[in-house]
Amino acid sequence: MMSRVRMSAGCVLLAVPFVAVQAQNAEPKRGVFLVGGGVDPTTTEGTGYRPALTLHAGYERRIGESRFGVRVEGDYWRQMTRYSAVVDGLPLADVARTRTISGISALATYRFAQAGRVQPYALAGIGAKELSLRNETEWSDRSRVVTATPQRQWSPALAAGFGTFVRLGRASLFAEARATLLTRGAGDHDIQGVQYPLTLGVRF
């Protein structure tokens, strides 16, 4: 199950280039690709400020001529931190910790405006995410380095947010803010249960 989730998310993320701009037709498109990246500014570890990096890529299609649409996307969330600690009574060690969340989502969208330069929208939906936690410990005397096997678990997820499309000449950009709730496994992988990614990207 987890390998299928990771493979599906990777295929979606690699299906379209990370940077792409295409001329917009005079008639609104029923289907569009979206790709973008950003940060989760709420992610912290202890008193340190450690924003996570995020990627999103997907395909959205309007339902007929209505304001509603359906989006299928893959997403990726990654946070890397490093801190010092005493492990098992041995000399001071540097611990590198990598947390990742990858998966796929099915989202319903609603456009508040279908024409004009600025087109705000809302979205909500469900997804399946794979959580991963990886630790690498290096002792200060460099006597040894231990890399733990990543701990992995999948979790259902709920997501909701809002954003806006903005036409700038022949390009169409978007900005989006959302909240993603992991329904299980977050505490076991030292990951906060709700992520708040902020995304900037392009629609084509």
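Biologist: By class, which residues make up the lining of the largest cavity?

Modeller: The general idea first: rolling a probe the size of a water molecule over the atoms shows where empty space is left. On a 1 Å grid over the protein atoms alone, a cavity is a set of points where a 1.4 Å probe fits but cannot get out, and lining residues have an atom within 4 Å of a point. Here the lining of the largest cavity has 6 nonpolar, 5 polar and 3 charged residues. Nonpolar covers Ala, Val, Leu, Ile, Met, Phe, Trp, Tyr, Cys and Pro, charged covers Asp, Glu, Lys and Arg, and the others, Gly among them, are polar. This is a predicted model, where local features need pLDDT of at least 70, side-chain atom pairs count only at pLDDT 80 or more, and totals for chains, interfaces and linings use all residues. Residues are numbered from 1 along each chain as its sequence is written, and side-chain values use heavy atoms, with hydrogens and water left out.

Biologist: How much space lies in the largest cavity, and which residues are the closest to its centre?

Modeller: About 140 Å³, a volume being the space filled by probe spheres set on the grid points, which are joined across faces, edges and corners. Closest to the centre are His56, Asp75, Trp77, Lys129 and Thr180, out of 14 lining residues.

Biologist: Which elements give two or more residues to that lining?

Modeller: Strands E4 (52-62), E5 (68-85), E6 (93-111) and E10 (171-182) do. Strands (E, at least two residues) and helices (H or I, at least four) are DSSP runs numbered from the N terminus; this protein has 12 strands and 1 helix.

Conventions. On a 1 Å grid over the protein atoms alone, a cavity is a set of points where a 1.4 Å probe fits but cannot get out, and a pocket is an open set with protein on both sides within 12 Å along at least five of seven lines; lining residues have an atom within 4 Å of a point.
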